[in-house]
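Here is a short briefing to read alongside the model. Have a look at the structure first, then come back for the contacts.

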There are 2 protein chains.
Amino acid sequence: MNIYTNPPQQDWAKIIARPAMDTSQMQAIISPILDNVKNNGDKALVDYASKFDNVIIDSLSVSITEIDEAEQLLSSGLKTAIQQAYNNIYKFHSSQLQPAEKIETMPGVVCWRKSVGINKVGIYIPGGTAPLFSTVLMLAIPADIAGCEQIILCTPPQANGKVHPAVLYAASISGVHTIIKAGGAQAIAALAFGTESVPKVYKIFGPGNQYVTAAKQMVQQFGTAIDMPAGPSEVCVLADESSNPTYIAADLLSQAEHGNDSQVLLVATSQEIISNVQLQLTEQLATLPRAAFAGNALSNSNAIVLSNLEQAIALVNEYAPEHLILATENAEELSTKIVNAGSIFLGHYTPESVGDYASGTNHTLPTNGYARAYSGVSVDSFVKKITVQQLTHQGLQNIAHTVIAMAEAEGLQAHANAVKVRL
Amino acid sequence: MNIYTNPPQQDWAKIIARPAMDTSQMQAIISPILDNVKNNGDKALVDYASKFDNVIIDSLSVSITEIDEAEQLLSSGLKTAIQQAYNNIYKFHSSQLQPAEKIETMPGVVCWRKSVGINKVGIYIPGGTAPLFSTVLMLAIPADIAGCEQIILCTPPQANGKVHPAVLYAASISGVHTIIKAGGAQAIAALAFGTESVPKVYKIFGPGNQYVTAAKQMVQQFGTAIDMPAGPSEVCVLADESSNPTYIAADLLSQAEHGNDSQVLLVATSQEIISNVQLQLTEQLATLPRAAFAGNALSNSNAIVLSNLEQAIALVNEYAPEHLILATENAEELSTKIVNAGSIFLGHYTPESVGDYASGTNHTLPTNGYARAYSGVSVDSFVKKITVQQLTHQGLQNIAHTVIAMAEAEGLQAHANAVKVRL
């Protein structure tokens, strides 16, 4: 880690800057894939599975039999764990539903908002080294709670032509309606345009590599919404004298093991805290199966000493981390001063990994400083709130003067007329 | 209007398709403007005001004196109307704030969401033929309720170098902190990158011409969020035998007067309704100051006869209108079947123009079919919801098995370790 001690505030922006992503070449690579799927549908998906995943696919849709098989293949311990995570995520997310509340803004003028699940949504689950069945729960459960009528999941087939059983199991208990063996930019294209097997959806969710991310950005221009812009995952730990260096090192490593580009930032109120964490990092890193990733990520990471918590909070708010661990005393009180973060973990017994899997909060969160303007995924992400208004004849009379005066002042006579003809 | 009688369902998509917008040339036009403002700040804004608005600007910021003057220039009738609209919009939007609710998902595991206003937001208000002071209310009021700390409004100067007094008055009562005389793509660039006079913001709201719209799309790649993608304004009226053709014609014209590209769709349960509306359209159109716009928009519009309300609702949901007027009996009951719309107006005494100005709902709504996935602007648009979780030591023990089992099954040992070291 690079260590900075009491850097002046004007240098913070440079120290905490994320590496710029060069996406200039992506459009040329992705465009032909989008076109091919748009024009050739399922055939293009089967061809790409052969080309990119080295698998011959008979049927793009996962059958009921495969889902039943998957349940047999999982240990009962893992199924119990997935079920417990499901329960916690379901409980927290179902509290996010908002009932319509009618507001009479003036006599005879009643307004409300009704929440409606986005009819068709797509969920992308990457393949690769780790089967991200936790992300299935994080996206399908709020979609199901929101009342989305069609939840379509795309994920690349493994070398044996099947989908990882934990992904299938999580999908089957979370309300996913259709599971498609397709990965990469071609899966995003299928969800955006529709194919014979894949229904066209209105919004696409989920993580992915640079091709998936670029494809999600690009299909927006064809009218498909996406969850949020994406970047490498991040954690920021804010530590004071009460913190435990063993815990902090473990938290930093749990982020660093994601990949070489993972972002890790330690902010501490003394040099000693950082020195102790570094000793622990060396010790714990040696035991990790993904030590190569974690080591690379750490070597690009920063630790910053600031002389007091006020300054530390200011720096955290400027950085706007995806995950923020407040490894401090009075963490809840301190959290009220945090204005830019995706998800906050309070105190010494709340590691990020509880939120990654099972505390109940969502792990699809804004990276790359997007927490300044974006929220993480929630039930809100899967609903539209449609406003409704109803006026009585008396209500229209009560509001008529206001609407007519404003419409005429904006030079919009027909707007005024629409009230006048009804009086 | 083009009239279709009982078109088969497979033809609907073609009939209700919006005209495609060709934005391919825009990037080349807008890029140099973004670069110039990024590199030259205020000087670029002053130069563009001279070039595009034909005005020499002394100071980009509107002074307190100009705001005080504006209040003197408005009639008391208009000020009363703006104040009434303010009250209704404020009342409805303040009901959208969500207090944090702590959920104990399992013993010792507590999760909640806290809403925080986006620190810095930008509002764009177009100049042009109509001074859109109503849009100032619609964007600044929810920003103020959300607790945004800096609300920056950009709007092009008029020929006299000033901002329209109604825009200034609405801004001054709605909580806007800074008003900048800058329009077009250059204003969007100033909000996205910041200049000497214009604070860099995290999210930009507001309507605009094709240059503004393209600039908003483009600054997203630099990390600035925007309210939603934009297209021409639309209304769909669904009329049954109880409807009044005079009212419907007035509603269609109030949309059509916006501009040549306004979208107007009439869906009716009989041919007779449409014929009666057409007679009224001819009569009312003749009296309108903006008859040229309205006539052009109408000539590109469609009226569709469908034999029953069920079919009509299905078509409306497929079209996903920005504004939907249910000019029917039992409109509220019918509205429960609407799943894709921006804002719904119920019954015979709720013209769209009440929502455009003063009912209390927001008039910044998803056009172009985006209502399938997007909501209109609300207080939600100006806040981030940050999740927070706190575990006791016992809570961590309760959830430990679940997190460890899932992390290990995903091959993420360091995630499991972060729990294990704390047990």
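**Between the chains**

Eight salt bridges cross the interface of chain A and chain B, a salt bridge being a side-chain nitrogen of Lys or Arg within 4 Å of a carboxyl oxygen of Asp or Glu. Please keep in mind that this is a predicted model, where local features need pLDDT of at least 70, side-chain atom pairs count only at pLDDT 80 or more, and totals for chains, interfaces and linings use all residues. Residues are numbered from 1 along each chain as its sequence is written, chains are lettered from A and ligands numbered from 1 in the order in which they are written, and side-chain values use heavy atoms, with hydrogens and water left out.

**Salt bridges**

- Over all chains, the rule gives 20 salt bridges.
- One of them pairs Lys102(B) with Glu332(A), with 2.6 Å between the closest N and O atoms.
- Lys102(B) sits in the loop between helix H5 (76-94) and strand S2 (103-106) of chain B, and Glu332(A) in helix H14 (residues 331-335) of chain A, so this pair joins two chains. Helices (H or I, at least four residues) and strands (E, at least two) are DSSP runs, numbered from the N terminus.
- Glu332(B) and Lys102(A) also meet through their side chains in a salt bridge (2.6 Å, N to O).

**Interface area**

- In chain A, 114 residues are in contact with 114 residues of chain B, where contact means heavy atoms within 4.5 Å.
- The two chains, A and B, bury about 9800 Å² between them, 60% of it on carbon and sulfur atoms. Buried area is the accessible area (1.4 Å probe) that two parts lose on being put together, summed over both.
- Met406(A), Glu410(A) and Arg422(A) supply 8% of the area that chain A buries against chain B, more than any other three residues.

**A helix pair across the interface**

- Helix H17 (residues 413-420) of chain A packs against helix H10 (residues 245-256) of chain B at an angle of about 160 degrees, their axes 8 Å apart. Axes are lines fitted to C-alpha atoms, for helices over the stretch in contact, and angles run from 0 to 180 degrees between N-to-C directions.
- H17(A) is therefore roughly antiparallel to H10(B), the term for angles over 145 degrees.
- Ala414(A), His415(A), Asn417(A) and Ala418(A) in H17(A) meet Ala250(B), Asp251(B), Leu253(B) and Ser254(B) in H10(B).

Notes. Parallel < 35°, antiparallel > 145°, perpendicular 65-115°, else oblique.
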